[in-house]
Amino acid sequence: MTRTACDACLRRTWLVARLAGAIEIARHQKRVLRELLAMPDERLVAALGDAAGGDVAAELEEADPADLRAAAEAASLGAVCRHDPAYPASLHDLRDRPAVLFVAASGDPLDRLGRLVGGGDRDGDAPAAVSIVGARRASPDGLEIARALAGGLAGAGVTVVSGMALGIDSAAHAGALDGGTGTVAVLAGGADVPYPSSKRSLYRRILERGCVVSEMPPGATPFRWCFPARNRTIAALGRMTVVVEAAERSGSLITAEVAADLGRDVGAIPGPITSWRANGTNALLHDGALLVRGADDVLDAVVGLDRAVVADPGAGLPPRLASLIRAIGGGRDTLAALAGTPDQAQATLAALTELELEGRLRRVTGGRYVVVPRW
């Protein structure tokens, strides 16, 4: 599985892991994380070797890439390096791109990664990817918005990328899986270690339909700097980053900043000016981010004039059913949201049942409906 990671990149991965503690110290001393990660090996050793202790340069010379290959193989991880055509093309926009991506997935991890975000000969066939991030301490409304947004994008064939953190990230992954397509989780620690541990069940679901990636070696426990570092990968993998809820100093704003620096679109869900969870998102909107009301706004931004290539969920259906399923794909995915009045609820429920029986819809937790993708 690890055949595509070259020796030089595996040594780089070993070096970053070896210097992880020193990188944490450097951040407290206001050293810029991304500048450190962009340094070539020799400069990085010169900058941080003394803080790490020992003779790091000599250890690097003696480091055996075969050990990392064996560790990845033992953990059933694929590994692809930045020199290989299978490496996601979008990550090349990063000056400090990860040397190696370790990938966890059922089946062939690297094939799954290519089908979800491109790489190798799949670049032209891979679906668009959108990153959805937000607050860990999310509100119930924020969680529901993230699920519905991700589900609507997944129903249109878009890959959802996030960080599997508590709150918005995990809700986005769950919504994408409910929408019937895969999703990509970018972890701060090893790709073989579910983090946070409370999300083990979600991690297993992601392995079945999507993939989990990390630049850190198998079994790695994340340092604090690993979280903003992984945010750059989340931002680069998506054509657009959408922030659902964020406090004024939320880490998700780092993801949005990286996305903007890369020339990617940034979107945000507006919130009440009295809510601390909306301070970050409202600030993004003030600074020019796209106001996102639902999946259609994101699809218009990401797919644009080529929107016709996204499958119309209402194709081939009678008008009354077509309008209903399109509304669900756009984020109105509960009976309460679809039925304007109590009098309309019975007819709407009958139509939903008809679409379920035809295999066009699926009911999921919380009384929500998701569109079953048609290829």
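Helix 8 (residues 140–155) packs against helix 14 (residues 295–303) at an angle of about 50°, and their axes lie 9 Å apart, which makes helix 8 oblique to helix 14. This is a predicted model, in which local features need pLDDT of at least 70 and side-chain atom pairs count only at pLDDT 80 or more, while totals for chains, interfaces and linings use all residues. Residues are numbered from 1 along each chain as its sequence is written, and side-chain values use heavy atoms, with hydrogens and water left out.

**Terms for helices, strands and angles**
- Helices (H or I, at least four residues) and strands (E, at least two) are DSSP runs numbered from the N terminus, and two strands pair if DSSP finds at least two bridges between them.
- Axes are lines fitted to C-alpha atoms, for helices over the stretch in contact, with angles from 0 to 180 degrees between N-to-C directions; under 35 degrees counts as roughly parallel, over 145 as roughly antiparallel, 65 to 115 as roughly perpendicular and the rest as oblique.

**The helix pair**
- Leu149, Gly152 and Leu153 in helix 8 meet Ala295, Val298 and Leu299 in helix 14, where contact means heavy atoms within 4.5 Å.

- Nine strands form an open sheet with mixed pairing, in the order 1-2-6-5-4-3-7-8-9.
- Strand 1 (78–81) and strand 9 (290–291) stand at the edges with a single partner strand each, so one side of each has no neighbour in the sheet.
- Strand 1 runs antiparallel to strand 2 and is joined to it by four bridges, with valine 80 opposite leucine 101 in strand 2.
- Helix 12 (residues 252–261) lies across strand 3, strand 7 and strand 8 (265–268), and runs at about 155° to strand 7.

**Strand 6 and its partners**
- From strand 6 (residues 211–214), Cys211 and Val213 point one way and Val212 and Ser214 the other, and all are buried, meaning under 20% relative accessible area, whereas exposed means over 50% and partly exposed lies in between (1.4 Å probe, protein chains only).
- Strand 2 (residues 100–104) is antiparallel to strand 6 and joined to it by three bridges, and alanine 104 stands opposite valine 212.
- Strand 5 (residues 183–186) pairs with strand 6 in the parallel sense over three bridges, and valine 186 has valine 213 as its bridge partner.

**The hairpin of strands 10 and 11**
- Strand 10 (residues 361–364) and strand 11 pair in the antiparallel sense over four bridges, and valine 364 stands opposite arginine 368.
- Three residues lie between the strands of this hairpin, in which glycine 366 takes a positive phi near 80°.
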